[in-house]
Amino acid sequence: MKILVCIKQVPDMESPFRPNGSATWFDESDLAFRMNEYDEYAVEEAVRLKEQLGGEPEITVLSIGPDRVIEAIKKALAIGCDRAVHILEPEVASREPWQIASIIAAYARDKQFDLLFTGMQSQDRGSAQVGVLVAELLGIPSTTTLVGFAWADGVVTATRELEGGVKGKVRLRTPALVTCQLGLNSPRYPTLPNIMKARKKEITTLQAGELSSEKPLTGSAAFRHPEKKGSGVVLEGSVDELVEKVLVILKDKTAVLR
Amino acid sequence: MDATREIYWNVGHGVVAVMYLLTIAAVSGAAFGFKERLEIWRQGKPLDRFDRRGDRAQRMLATVFGQTRVFRVKDGGVFHSLFFWGFLTLLAGTMLIMVQADFLLPLFRVTILKGNFYRYFSLVLDLAGLVAIVMLGGLFVRRFLIKPKGLETVADDYRIHALLFTILITGFLIEGSRMAVTELKQNPDLALWSPVGYVFAQALSSLGDGALPGLHKVLWWFHLLLGLGFISVIPRTKLRHILTTSGNSFLAPFEPKGTIGTINLEDESIEQFGASKITDLTWKDLFDSDACTSCKRCQDRCPAYSTDKPLSPMKVIKAIGSVAETSPKKGLVEAVTADALWSCTTCGACQDICPANIEHVNKILEMRRNLTLMEGEFPGDEVRTATSNIEVNGNPFGMAYASRGDWAKGLPVSIMQENSDVDILYFAGCYASFDRRNREVAAKFLRICAAAGVKVGILGKEEKCCGEPVRKLGNEYLYQMVAAENIETIKGYKVKRIVTTCPHCFNTLSRDYRDLKFDVPVEHYSTFINRLIVEKRLKLKPEPFEFTYHDSCYLGRYKDIFEEPRAVLKSAGGKLTEMSRSGYDSFCCSAGGGRIFAEEKLGSRINVKRVAMASETGMPILASNCPFCLTMFEDGIKTGGFEGKLKVRDLAEIVAERIEK
Amino acid sequence: MKLLLVGEYREGRLLDITAELMGFAAAIGGEASLFLVGSAEEVPAFNGTLYLVDAKVYGEYNPEVHKQLLLKAVQEENPDLVVFVHSSYGWDLAPRLAASLKVAQVSEVIGFAGNAYEVGCCNAKMHRNVTPLTSKAVITIQAGAFPALQEGGTPVVKVLSTDVASTTEFVGYEPAEARDVNLAKAEIVVSAGRGIGKKENIEVIRSLAKAFGGELGASRPVVDAGWIDHGHQVGSTGQTVTPKLYVACGISGSIQHLAGMKKSGFILAINKDKDAPIGEVADVLVVADLLQFVPALTAKLS
Ligand SMILES: Cc1cc2nc3c(=O)[nH]c(=O)nc-3n(C[C@H](O)[C@H](O)[C@H](O)COP(=O)(O)OP(=O)(O)OC[C@H]3O[C@@H](n4cnc5c(N)ncnc54)[C@H](O)[C@@H]3O)c2cc1C
Ligand code: SF4
Ligand code: SF4
């Protein structure tokens with residue numbers, strides 16, 4: 001069995017975001033990067049499947065971006081992926097979902113992957129498109145937002161998270177692609193021997209431009225802090241003062257405090 | 001009449017051959033027993049503790065014969081030390097008699113045991129025997145009647161007490177029966193030089209000269225056999241501590257306190273990190289278990305044990321020993337339990353007081369390393385979060401790394417990136433950088449420096465957590481990662497001296513980083529400020545206040561810095577009332593060993609207990625010198641209900657308020 | 001502008017969210033038709049074309065087949081914009097359609113200005129405008145971003161069918177876990193977010209809820225960590241609450257969470273981060289460490 005896991009490196013969401021020069025996306029300075037949270041579930045689930053199958057499947061982890069994404073790749077290798085593909089794309093921020101999906105599909109097309117795992121979305125862009133687009137481009141079935149995953153005899157049983165706490169169960173035959181959601185698993189903390197082993201695992205570097213030359217389908221502008229709406233009062237100060245102020249406001253503005 | 005006696009009186013010189021044969025048998029029995037122990041110790045990994053032999057021997061002699069470590073705790077320690085000295089004197093006396101009777105006299109025709117020397121010899125030995133018996137009695141009363149809490153009494157204890165008591169008593173009975181026949185009437189002046197023997201002789205003399213020689217002979221053989229028995233059981237009972245505990249004062253490390261082995265992360269051949277089995281520990285770690293006297297001093301001092309957590313440093317040592325002896329395949333974590341391992345604050349109180357020089361903390365750390373590096377485990381989710389926050393943002397709070405220097409805006413300090421022409425680099429640490437309360441302290445420290453004309457720089461967003469908490473949690477990998485980054489950053493500037501307000505940063509930068517080839521001098525602000533005051537660069541206007549002072553573990557016990565912070569506070573006008581536990585005996589705030597990240601789920605709260613101790617002094621102010629302590633005490637004051645009674649203040653805050661304008 | 005809206009239907013019921021699509025259509029101003037995999041028995045009331053697919057035949061979740069049917073509708077209707085709700089149905093199906101048509105997709109739209117769609121990003125901390133560069137486009141709109149609209153009227157129904165075989169087999173639904181709390185009807189909800197840091201601190205928030213006489217809610221990570229059970233979860237995958245007072249303690253205000261509570265009467269947020277997006281919807285944002293502020297407030301209340 002061959003598995004592909006697609007991961008993205010994103011800024012830590014605590015980081016101070018500032019628009020870049022053209023306000024299409026964020027400026028990268030002063031940002032701390034980490035693996036997209038949803039992709040961590042994808043990596044973990046792939047590795048669990050590998051373990052379930054006695055280590056037989058070979059897991060390739062793929063990430064598109066500048067050299068910094070190697071950090072995320074190494075983490076995935078330490079968690080248990082076997083090999084990695086780094087698709088070098090210094091301008092990754094200006095590549096929108098369609099282009100990213102095209103690059104991944106171009107890479108995966110002739111590789112006969114049985115299963116592809118992606119996160120359900122990235123924390124920074126949040127478009128929730130790439131996984132499904134890849135599956136469509138490859139012409140394989142896919143399903144999204146997994147909080148449960150099982151594999152047996154070439155059939156994936158996926159539990160999808162729907163609204164209102166309801167879940168939906170679906171089955172698909174491999175080859176297939178699934179996108180992973182928070183709640184699917186809790187990713188392991190890589191052990192040191194695995195971190196050390198990961199150093200020796202193969203990382204193939206490919207050029208994004210050589211895989212796909214698709215033009216963007218969308219443009220991005222006006223990356224900005226949202227304007228505050230509503231009555232929003234921001235209170236700061238010592239705890240005691242704050243408590244007093246809040247009580248006054250609550251008594252004044254709500255019917256719940258007498 | 002001559003002042004001497006006939007050695008082998010009544011038993012005859014014919015016994016010499018038999019006696020020596022038996023002695024050889026007993027000594028070989030003991031040697032054989034130790035060889036068996038040796039096999040147990042040998043299961044451990046190699047470690048060189050036989051360098052600097054001269055220094056080691058010297059230390060051993062001082063520790064053993066001076067009983068310096070035993071004597072530190074008066075309860076039990078006084079009895080033990082006096083008993084030891086008494087018994088040792090008797091042993092030496094017996095040896096001297098052997099030398100006299102079997103070597104000096106037959107070979108050289110020399111008699112030293114005569115005249116005044118013999119008189120004093122008799123007196124000293126008699127008194128030594130008396131002291132030994134009385135002290136043994138004291139130990140007996142303590143162990144079997146008073147039964148101090150936590151002292152575990154096993155079958156061995158009964159047997160050893162009986163054996164020692166019988167040896168001592170039979171010694172006096174032999175002496176008494178001999179004196180009754182040979183000295184009491186014949187040489188009464190001499191008899192008085194053996195006052196205890198004299199009393200025994202008086203009591204026995206009624207038996208008459210007919211019966212006494214027979215009794216003497218029986219007792220003599222009995223005493224001999226007991227003595228030899230004593231020798232042969234040493235390796236097989238608790239008595240082995242006579243050699244192992246002494247040996248440990250030879251083997252104890254010479255490295256600075258708190259030194260932890262730095263794992264070579266480039267070494268690809270290492271398959272096991274930390275200790276999972278006893279074979280992952282060093283032979284010295286296994287030897288330690290044999291050196292433990294079960295005195296429970298470590299346990300008495302342990303903050304985790306005394307707040308009902310499942311950790312007793314003594315039991316950790318015993319558990320390792322029992323695995324090594326009976327089931328070497330068994331997992332150490334299983335034997336010691338993960339809860340016990342995670343409970344340790346690495347305060348070092350156990351190790352500091354242990355009369356046997358046992359190294360508790362590093363064993364716990366080695367087992368934690370196994371949990372963390374091999375199993376990916378954490379004491380709780382919150383610790384995992386803090387750890388990954390350090391990985392991503394270099395601080396446990398998960399605050400954006402870029403905001404690390406924000407606290408210093410508008411304060412008299414330069415960011416090294418912008419201006420590195422400074423006198424000192426202030427390594428602020430995570431708490432001073434992000435925690436509101438500790439930011440105030442950092443700002444006060446900068447004011448003090450400014451007042452003393454010291455130019456200060458900080459790394460700002462280039463600084464990362466020093467790595468101490470994660471290292472103590474066993475995560476050597478992350479520690480070395482952040483350490484390497486800090487070292488590279490600092491080396492990029494020409495830094496003359498680093499000052500920290502955090503004892504944890506201080507220990508780590510000044511000691512742990514040395515292993516990573518970092519050698520900039522590092523100092524804690526308490527000694528730095530003290531020097532500024534002594535050199536009159538910082539002028540204070542003392543304003544009287546009363547306070548009690550908390551010795552943080554990593555400044556006090558680990559770095560032996562006790563006087564300077566007290567001196568600083570006194571020169572600020574402070575009148576100190578010490579807590580019952582201070583100095584080397586100080587009680588942890590609960591935050592060491594990475595516990596600052598972890599919720600205290602087991603037992604009661606260590607910080608509340610410490611705040612209660614401070615409160616008992618009746619002082620309104622608890623002065624501290626560590627951001628972790630400050631944080632824990634603020635919390636302890638709130639959760640323990642000490643608000644309004646006690647305030648915790650950092651040393652820098654107190655000093656800054658008294659700067660002479 | 002011609003719009004094709006994609007309605008939602010689940011467990012034999014037309015979902016209310018479909019009305020938000022109508023609201024969006026009205027807001028952007030265009031001629032709207034609706035595609036629905038549902039039932040002829042329950043058709044939304046509007047004036048326009050309804051492309052109806054029988055869910056009994058083609059399944060409620062069957063993306064491969066739904067895509068084919070939707071393509072038919074697109075072919076017939078030739079819309080400029082196909083509009084989905086950003087939901088488990090919408091974000092699953094929209095990219096399939098976009099890929100087949102090879103047109104731009106804009107996800108989770110919260111507003112628009114001319115040809116540009118406003119979307120949130122970076123965990124809703126930031127916004128940006130996304131412009132489709134293709135003549136047609138697919139978008140998904142954020143649930144709750146546009147007011148629901150019950151237009152009334154009678155659609156012209158066109159029934160669609162296909163013989164494309166499905167590659168996915170829908171097994172069934174799993175109902176939400178039983179709830180021991182009734183958040184939906186509560187007048188006051190006090191919710192704990194990831195900012196509480198650890199399980200034990202749930203009690204701090206519970207005490208405040210008690211002091212207010214309200215119910216205890218939580219954000220999803222809190223539920224996920226097992227700190228509290230799912231019945232307490234507020235948000236798009238939990239419950240939607242409309243209390244008179246909502247207190248968000250250590251909740252960043254992610255869009256999925258806002259989805260469940262932003263209609264509350266008054267929102268009080270406690271967060272140590274002044275820039276946390278919860279501030280956008282909060283009536284009062286208290287910038288403080290909740291572990292200090294919440295116990296203090298609780299003490300004053302009780
Ligand atoms: C398809 C999907 C469905 C989802 N459904 C839901 C849902 O139904 N409900 C839901 O809630 N989420 C849902 N989520 C998850 C959502 O995206 C966010 O991840 C989640 O809401 C974040 O929860 P939070 O605000 O508690 O945590 P975080 O985003 O981590 O925010 C924690 C906040 O606490 C603050 N904080 C930290 N410490 C303190 C302190 N000591 N004092 C004060 N403030 C502090 C921080 O500044 C931060 O703002 C869903 C996600 C997806 C993709
Ligand atoms: S270091 Fe401190 S907490 Fe740890 S075992 Fe020793 S005394 Fe107990
Ligand atoms: S480890 Fe040391 S202090 Fe603890 S019981 Fe043993 S000898 Fe005593």
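What follows is a chat about confidence, domains, sheets, ligand shells and a few backbone details.

Student: First off, what kind of model is this, and what are its ipTM and pTM?

Tutor: This is a predicted model. The scores are ipTM 0.89 and pTM 0.86.

Student: And what's the average pLDDT of chain C?

Tutor: Chain C averages 91, and 98% of its residues score at least 70.

Student: OK, stay with chain C. Which domains is it divided into?

Tutor: Domain 1 covers 2-159 and domain 2 covers 188-301. Their C-alpha centres lie 32 Å apart. In the contact between them, domain 1 of chain C supplies eight residues and domain 2 of chain C supplies seven.

Student: How do strand 6 and strand 10 of chain C run, parallel or antiparallel?

Tutor: Parallel: five bridges join strand 6 (residues 81-85) of chain C to strand 10 (residues 137-141) of chain C. Within that pair, C:Val83 sits opposite C:Ile139.

Student: Switching to chain B. What's the domain assignment?

Tutor: Domain 1 (15-250), domain 2 (274-375), domain 3 (381-530) and domain 4 (540-656). The C-alpha centres of domain 2 and domain 3 of chain B are 31 Å apart. Seven residues of domain 2 of chain B are in contact with seven residues of domain 3 of chain B.

Student: What about the five-stranded sheet in chain B, what's its order?

Tutor: This open sheet runs 1-3-2-4-5 with parallel pairing. Strand 1 (414-415) and strand 5 (522-524) of chain B are at the edges with a single partner strand each, so one side of each is left without a neighbour in the sheet. Helix 20 (residues 436-451) of chain B packs on this sheet, touching strand 2, strand 3 and strand 4 of chain B, with its direction about 170° from that of strand 2 of chain B.

Student: Now the ligands. Which residues come nearest to ligand 3?

Tutor: B:Cys292, B:Cys295, B:Cys298, B:Cys354 and B:His360, out of 13 residues around ligand 3. That shell divides into eight nonpolar, three polar and two charged residues.

Student: And how does the shell around ligand 2 divide?

Tutor: Nine nonpolar, three polar and no charged. The residues around ligand 2 include B:Cys302, B:Cys344, B:Cys347 and B:Cys350.

Student: Last one: where is the cis peptide bond at A:Pro175?

Tutor: The bond joins A:Thr174 and A:Pro175, with omega about 0°. A:Pro175 is in the loop between strand 9 (167-173) and strand 10 (176-180) of chain A. Another backbone detail is B:Arg109, a non-glycine with a positive phi of about 55°, found in the loop between helix 4 (74-108) and helix 5 (115-146) of chain B.

How values were computed: Residues are numbered from 1 along each chain as its sequence is written. Chains are lettered from A and ligands numbered from 1 in the order in which they are written. This is a predicted model: local features need pLDDT of at least 70, side-chain atom pairs count only at pLDDT 80 or more; totals for chains, interfaces and linings use all residues. Side-chain values use heavy atoms; hydrogens and water are left out. A residue is near a molecule or strand if one of its heavy atoms lies within 4 Å of it. Ala, Val, Leu, Ile, Met, Phe, Trp, Tyr, Cys and Pro count as nonpolar, Asp, Glu, Lys and Arg as charged, and the others, Gly among them, as polar. Two strands pair if DSSP finds at least two bridges between them. Helices (H or I, at least four residues) and strands (E, at least two) are DSSP runs, numbered from the N terminus. Contact means heavy atoms within 4.5 Å. Axes are lines fitted to C-alpha atoms, for helices over the stretch in contact, and angles run from 0 to 180 degrees between N-to-C directions. pLDDT is the predictor's confidence in each residue, from 0 to 100. Domain bounds come from an automatic or database domain assignment.
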